[in-house]
Amino acid sequence: MYQDVTRNKNLSAAAKGVYAYFAALCGVSDECFPSVDTIISEMGMGKDIFYRHINALVAAGVVEKRQAIGEDGKFGRTLYRLTHEITISEKSGFPCTENRDTEKPDTEFKETISNNIKKE
(Lines give C-alpha, C1' and ligand atoms only; values in the text may rest on other atoms or scores of the structure.)
Protein backbone atom coordinates (compact mmCIF):
# COMPACT_ATOMS: atom_id res chain seq x y z
CA MET A 1 0.00 0.00 0.00
CA TYR A 2 1.22 3.45 -0.86
CA GLN A 3 1.60 6.09 1.85
CA ASP A 4 0.34 8.84 -0.49
CA VAL A 5 -3.06 7.16 -0.31
CA THR A 6 -3.13 6.00 3.29
CA ARG A 7 -1.81 9.28 4.71
CA ASN A 8 -3.98 11.55 2.57
CA LYS A 9 -6.38 13.55 4.76
CA ASN A 10 -8.85 14.09 1.91
CA LEU A 11 -9.85 10.42 1.69
CA SER A 12 -12.11 8.97 4.37
CA ALA A 13 -10.96 6.14 6.61
CA ALA A 14 -13.55 3.88 4.96
CA ALA A 15 -12.25 4.74 1.46
CA LYS A 16 -8.74 3.89 2.66
CA GLY A 17 -10.13 0.62 4.00
CA VAL A 18 -11.56 -0.22 0.57
CA TYR A 19 -8.19 0.68 -0.96
CA ALA A 20 -6.43 -1.61 1.54
CA TYR A 21 -8.87 -4.41 0.73
CA PHE A 22 -8.09 -4.10 -2.99
CA ALA A 23 -4.35 -3.86 -2.31
CA ALA A 24 -4.51 -7.15 -0.37
CA LEU A 25 -6.41 -8.87 -3.19
CA CYS A 26 -4.34 -7.46 -6.04
CA GLY A 27 -0.90 -8.28 -4.75
CA VAL A 28 1.88 -7.49 -7.22
CA SER A 29 -0.38 -7.52 -10.29
CA ASP A 30 -2.28 -4.38 -9.18
CA GLU A 31 -5.47 -5.92 -10.65
CA CYS A 32 -8.29 -7.87 -9.05
CA PHE A 33 -11.91 -8.66 -9.85
CA PRO A 34 -13.99 -9.42 -6.75
CA SER A 35 -17.75 -9.13 -7.13
CA VAL A 36 -19.54 -6.31 -5.33
CA ASP A 37 -21.45 -8.92 -3.31
CA THR A 38 -18.15 -10.46 -2.14
CA ILE A 39 -16.70 -7.04 -1.27
CA ILE A 40 -19.67 -5.86 0.76
CA SER A 41 -19.99 -9.21 2.51
CA GLU A 42 -16.32 -9.38 3.48
CA MET A 43 -16.10 -5.69 4.42
CA GLY A 44 -19.43 -5.60 6.26
CA MET A 45 -20.85 -2.60 4.42
CA GLY A 46 -23.84 -1.90 2.22
CA LYS A 47 -23.72 -1.36 -1.54
CA ASP A 48 -24.42 2.37 -1.28
CA ILE A 49 -21.54 2.84 1.16
CA PHE A 50 -19.21 0.75 -1.01
CA TYR A 51 -20.10 2.72 -4.14
CA ARG A 52 -19.57 6.02 -2.32
CA HIS A 53 -16.03 5.01 -1.34
CA ILE A 54 -15.04 3.31 -4.57
CA ASN A 55 -16.27 6.35 -6.50
CA ALA A 56 -14.11 8.59 -4.28
CA LEU A 57 -11.09 6.37 -4.99
CA VAL A 58 -11.82 6.40 -8.74
CA ALA A 59 -12.29 10.19 -8.72
CA ALA A 60 -8.99 10.55 -6.86
CA GLY A 61 -7.28 8.45 -9.54
CA VAL A 62 -6.17 5.74 -7.11
CA VAL A 63 -8.38 2.99 -8.56
CA GLU A 64 -9.44 2.39 -12.15
CA LYS A 65 -12.56 0.34 -12.92
CA ARG A 66 -13.31 -1.32 -16.23
CA GLN A 67 -15.86 -3.83 -17.37
CA ALA A 68 -14.40 -7.04 -18.80
CA ILE A 69 -16.05 -8.53 -21.88
CA GLY A 70 -16.76 -12.25 -21.74
CA GLU A 71 -16.29 -14.79 -24.50
CA ASP A 72 -19.92 -14.37 -25.53
CA GLY A 73 -19.37 -10.64 -26.12
CA LYS A 74 -21.43 -9.63 -23.08
CA PHE A 75 -20.13 -7.58 -20.20
CA GLY A 76 -18.44 -9.69 -17.56
CA ARG A 77 -16.98 -8.88 -14.20
CA THR A 78 -15.59 -5.54 -13.13
CA LEU A 79 -11.81 -5.31 -13.02
CA TYR A 80 -10.21 -3.01 -10.46
CA ARG A 81 -6.68 -1.73 -11.01
CA LEU A 82 -4.68 0.19 -8.41
CA THR A 83 -2.79 3.10 -9.95
CA HIS A 84 -1.23 4.40 -6.72
CA GLU A 85 -1.39 7.90 -8.21
CA ILE A 86 -3.61 10.22 -6.20
CA THR A 87 -5.02 13.44 -7.62
CA ILE A 88 -6.63 15.53 -4.92
CA SER A 89 -7.61 19.14 -5.36
CA GLU A 90 -6.06 20.88 -2.37
CA LYS A 91 -8.48 23.83 -2.65
CA SER A 92 -11.66 21.85 -2.23
CA GLY A 93 -10.40 18.88 -0.28
CA PHE A 94 -12.27 16.56 -2.63
CA PRO A 95 -10.98 14.33 -5.40
CA CYS A 96 -10.36 16.20 -8.61
CA THR A 97 -12.93 15.22 -11.22
CA GLU A 98 -11.85 17.63 -13.95
CA ASN A 99 -11.33 16.20 -17.40
CA ARG A 100 -7.98 17.66 -18.36
CA ASP A 101 -8.28 16.36 -21.93
CA THR A 102 -11.23 18.59 -22.75
CA GLU A 103 -10.23 21.42 -25.07
CA LYS A 104 -13.21 23.65 -24.34
CA PRO A 105 -15.79 23.37 -21.61
CA ASP A 106 -19.43 23.05 -22.67
CA THR A 107 -20.13 26.59 -21.50
CA GLU A 108 -17.94 27.97 -24.29
CA PHE A 109 -20.02 26.38 -27.07
CA LYS A 110 -21.29 29.46 -28.89
CA GLU A 111 -23.74 27.76 -31.24
CA THR A 112 -26.28 26.90 -28.55
CA ILE A 113 -29.81 27.85 -29.54
CA SER A 114 -31.55 30.02 -27.01
CA ASN A 115 -35.20 29.23 -26.40
CA ASN A 116 -35.87 32.40 -24.46
CA ILE A 117 -39.05 34.22 -25.51
CA LYS A 118 -38.56 37.94 -25.82
CA LYS A 119 -41.40 40.24 -24.86
CA GLU A 120 -42.14 43.07 -27.27
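At 47% relative accessibility, R66 is classed as partly exposed (between 20% and 50% relative accessible area, with buried under 20% and exposed over 50%; 1.4 Å probe, protein chains only). The side chain of R66 meets that of E31 in a salt bridge with an N to O distance of 3.7 Å (a side-chain nitrogen of Lys or Arg within 4 Å of a carboxyl oxygen of Asp or Glu). This pair links distant parts of the chain, E31 in strand 1 and R66 in strand 2, 35 residues apart. E31 is likewise partly exposed, at 34%.

The model is predicted, with local features requiring pLDDT of at least 70 and side-chain atom pairs pLDDT 80 or more, whereas totals for chains, interfaces and linings use all residues. Residues are numbered from 1 along each chain as its sequence is written, and side-chain values use heavy atoms, without hydrogens and water.

Three salt bridges were found in a search of the whole structure. In one of them, E64 and R81 meet at 3.1 Å, N to O; E64 lies in strand 2 and R81 in strand 3, so the pair ties together parts 17 residues apart in sequence. E64 is partly exposed at 39%, and R81 at 32%. D37 also forms a salt bridge with K47, with the closest N and O atoms 3.8 Å apart.

Three strands form an open, antiparallel sheet in the order 1-3-2 (strands are DSSP E runs of at least two residues and helices H or I runs of at least four, numbered from the N terminus; two strands pair if DSSP finds at least two bridges between them). Strand 1 (31-32) and strand 2 (63-69) each have a single partner strand, so one side of each is left without a neighbour in the sheet. Two bridges join strand 1 to strand 3 (residues 75-82), and C32 has Y80 as its bridge partner in strand 3.

Buried residues of helix 2 include A15, V18, Y19, F22 and C26. The buried residues of this helix pack against helix 1 (3-6), strand 1, helix 3 (36-43), helix 4 and strand 3. The largest nonpolar core contains 22 residues, and those with the most contacts inside it are F22, F50, I54, L57 and Y80 (buried Ala, Val, Leu, Ile, Met, Phe, Trp, Tyr and Cys residues joined through side-chain atoms within 4.5 Å). Helix 2 provides the largest share of this core, seven residues. Beyond its neighbours within four places in sequence, F22 is in contact with C32, P34, I39, F50, I54, Y80 and L82 (heavy atoms within 4.5 Å).
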